[in-house]
Amino acid sequence: MQITIDGKILEFHKGQTILDIARTNKIEIPTLCYHKMLKPEGRCRVCLVEANSKIVTACDTLAEDNMQVVTTSERIRRLRLEALNLIASTVPKETLRKENELTKTMRLVGFKKPTYKHNIVKDKDKSSAAIWKSMDECIVCGRCVQACSKMQTVNALSYMGRGYSTIVVGSENQPLKDTTCVSCGQCSLFCPTDAITEASDISKVEKALRLKSKIKVVQVAPSVRVSVGEFFGLEPGTIVTGQIVASLKKLGFDAVFDTNLSADLTIVEEAKEFVDRFKKGNLPMFTSCCPAWIDFCCEFYPEFINKLSNTKSPQMMLGALIKTYYAKRLGLKPSDIISVSIMPCTAKKREAKLKNINASNVKDIDYVLTTRELGQWLKSKKINPAKLLPAEFDCPLGESTGGGALFGVTGGVMEAALRTAYFYIKGEEMKDPKIEPIRGTKSLREFEVNIGKNKVKGAVAHTLERAREIIERIKKGESFDFVEVMACPGGCIGGGGQPKPVDWEAIEKRAKAIYSIDENKKIRLCHQNPDLKRVYETFLQKPGSKKAKALLHRKYPKRGKPQQQD
Amino acid sequence: MTEKKILFDSALKGAGIALSKTPTEVIEVVKNSGLRGRGGAGFPTGLKWEIAAKSQGEHYIICNADEGEPGTFKDRLILSTVPLNVIEGIIIASHAVGAKQAYIYLRGEYNYFLPKIRKAIKKARPLMEKIELNLDIVVGQGAYICGEETAILNSIEGHRPEPRKRPPYPAEKGLYGSPTVVNNVETLAMVPLIFLGIFDPKKRLCSLSGDVEKPGVFEILEGKQIGKILEEAKPIGIPKAICFGASGGIMPYDPCMEITEENIKERGCFFGSGTIIIVNHTHSIVELCESIQKFFVHESCGYCMSCREGSKRMLEYIKRISAGKATMKDLNKLEELCNFVSVASFCALGRSMPLHILTALRHFREEFVRKCR
């Protein structure tokens, strides 16, 4: 079939929209509410074009054979300007000065400044430990609600009011903390303005850094090192591990530790748990490193809580080691250490504040910053990591393996855990540590791996819609041994705290970078981590020991999301 | 207001004849009758049924009784005088497209009709059992947008009443993704009359109100002069303009104008649901526009930006004009905004919203100009 766009005759196939065809042929049509990873809803009316002399939105209008489309004409330009005039007048002037998707579209269309008066919407929600919502900056593009209800099937956000008083609220107009919100932060990632953001902790961390009496320690998650460079003009997937360490030192931290190490630790403990459960029963085992997934399971499928692995996430494991093992080595009290973590995730903010999660008598993790917050902070301090000399992570919690690095990507936990489980079951190492069927970008992947005579049937799911699908299938009688769930698309590399605007190509590039980190590591099996071996020898004894259970494992509530500390 | 019976009461006879025919024959008869939708868009009813019948899946019939257009009350008269005709229409439509489930989507404010409608359903039960039809009544919650045929689907499914993208049209993919026929009350009430052989496509019901002594529902023959109709309703004062409901536009009163779709369309207006509001010399057109616009600001669903923000800004302009604070520049900007909203909005409601201002500016521009500085 053929369509003519701006005089160019183009081929297309059934089901393609005008925008799809234009984008594949590099014809620019400005959009705002449209996002490639979501279903087009046609709310913002910016992508107007003329199709067969009728004005339509390009994002949701299916192309027809012999359609005549005009994307640039004086009439179209004026209509788009009027659309942006109406949209831009709904947000405060400060938002129009910031760099975001709205201002990007404004530049593209050539729109300067709204002529209508801005009416302030006083609706702010800072109840959640992870996500803040300020409706004055909202343009009701609908992306957050769609991400929450369709991609994550959580339905924590909905609309309230009608006409111009339509706003996005926590479902049934409850504060976000009282909804089913699992803190995944996808809403904040898709927000084209800053109406929904992470709960910002930058100022608190800055204040804490000024305390002379404390030792300030920070950890960096596996997926942050492949994405934070994007704030400084680097390509998605540029690995800036050493530069992050150097810039964190410049910000004033005393020690920079690697969450990859505790990812290794998680694998060692989780693989041990899996092997035990594989022998004794109580399968499938679900991974437990994604706090949004834990919240989701506890909230929507409490009958599956006993199937969750009870190992803590890498963030909380390193937090536990910092306030116990590290404090003991330095001869300090846990309260003498301020422990900060840099995470790709908003749910980690809530996780750090949970009841019964701490190994020490104080909070194991004091503050959590997202990748976005780190980028923002570094920019405000005029530190450009791209221009710094790389530095090394600090002893004694700085060494990591390729397996730990994989935590940043969907399927990574599964792959690393199976490498170690193989060793536990067979007593020998895997010849080729790459397990191909686990990798990929499909949102639900199933596979079988042979370990000696045993067959392990596993599944990897990312986005909670797929998690729900796999649980429903298990409920109907299908059996799996090991299931990995990551709440965000692509895993942590597509996390709710990652750089905006998100797009699938960037996520794929970050995934490639993560796999290259794994491949370039001399040690790729988590249980061979030399730093960890030392931790076990001098402190934890052996995987699954009483001490390890006390410090590195957690308990879940009987039903409902784990509760926060006040 | 008098509620006289103007429609013929079919008393299950029409449906009885229709059920003795095959579905294809029924569709053929309705197609040949020339019946068009009476809710506004005027889509040929038989064709709609045929499209739905040919689409795969479970079929649904929805009777749209969410009569929310200001100045429109013909459906109310039908429901209060001949509710059985409507039920018969639903039964015939269900038979034609093969639906086993039908809904009456009743405007919330009309809930006092519930006993009457239930009684009519009870009377029609034997016929319904014959075609295994289940008929439920859904009472709306008061949103104007629910009269839009896709928003009605969302409302019945329990979602926020927002319009859906068309195509796919409800007849292909409607309620729960299945082919669905959405017909207006008047349309369905006409169906049994077709089978009794007394249906005349040139006759339609018209809700007449405004500055008249005897407002009410009139059955008018296409081509009748508006002055003749007004003789019956007895105007108060000197009629100046006719307003065709909130979304139908405003045009100057001309007693000799014959009421036909074409004549009204020629003047930029839209007869749609058969609403005539007479406006006399004591009213200012600007004020009329202001009050209509207030209605739209209140009833915009908020789905698309153009209607959501546009309605509010349009009202701001009109208020400024009405208060005598606007300039000619404002008036031009208002017109430009109206033109934007009328092409850029997501649904038919949004696109028809500026019609009253655009037609008022076309026919009564001097009233606006006089108020501008």
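## The second largest pocket

By class, the residues that line the second largest pocket divide into 18 nonpolar, nine polar and 23 charged. This description rests on a predicted model, in which the second largest pocket holds about 1800 Å³ of space. Its lining is made up of 50 residues, and those that lie nearest the centre of the pocket are Glu99(A), Asn100(A), Glu101(A), Lys500(A) and Pro501(A).

Several elements of chain A each supply at least two residues of this lining, among them helix H1 (18–24), helix H4 (101–109), helix H13 (371–380) and helix H17 (504–520). Strand S7 (131–134) and strand S10 (196–198) of chain A likewise each supply at least two residues of the lining of the second largest pocket.

## The interface of chain A and chain B

Between the two chains, 31 residues of chain A are in contact with 29 residues of chain B, and the area buried between them is about 2500 Å², of which carbon and sulfur atoms give 53%. Four salt bridges are counted between chain A and chain B; in a salt bridge between these chains, the side chain of Lys165(B) meets that of Asp60(A) at 3.4 Å, N to O. Across the same interface, the rule finds 14 residue pairs in polar contact, with both residues at pLDDT 80 or more.

On the side of chain A that touches chain B, strand S4 (54–57), helix H2 (74–88) and strand S8 (157–160) each supply at least two residues, and the largest share, seven residues, comes from H2(A). By class, this side of chain A has 13 nonpolar, nine polar and nine charged residues.

## Enclosed cavities

The count of cavities of 30 Å³ or more comes to seven, and the largest cavity has a volume of about 250 Å³. Of the 25 residues that line the largest cavity, Cys289(A), Pro344(A), Cys345(A), Lys348(A) and Cys492(A) lie nearest its centre. Helix H9 (259–280), helix H10 (291–300), helix H11 (314–330) and helix H12 (347–351) of chain A each supply at least two residues of this lining, which by class has 18 nonpolar, six polar and one charged residues.

The second largest cavity contains about 110 Å³ of space, and it is lined by 15 residues, of which Cys148(A), Ala156(A), Cys181(A), Cys184(A) and Cys187(A) are the closest to its centre. Helix H5 (143–151) and helix H6 (186–190) of chain A each supply at least two residues of the lining of the second largest cavity, and the residues of that lining divide into 11 nonpolar, four polar and no charged.

Note on methods:
Residues numbered from 1 in each chain as written. Chains lettered and ligands numbered in written order. Predicted model: local features only at pLDDT ≥ 70, side-chain atom pairs only at ≥ 80, totals over all residues. Heavy atoms only, no water. 1 Å grid on protein atoms, 1.4 Å probe; cavity = no way out; pocket = protein on both sides within 12 Å on 5 of 7 lines; lining within 4 Å. Points joined across faces, edges and corners; volume = space filled by probe spheres on them. Helix = DSSP H or I, 4+ residues; strand = E, 2+ residues; numbered from the N terminus. Nonpolar A, V, L, I, M, F, W, Y, C, P; charged D, E, K, R; others polar. Contact = heavy atoms within 4.5 Å. Buried area = accessible area lost by both parts, 1.4 Å probe. Polar contact = N/O pair within 3.5 Å; in protein donor to acceptor, adjacent residues only side chain to side chain.
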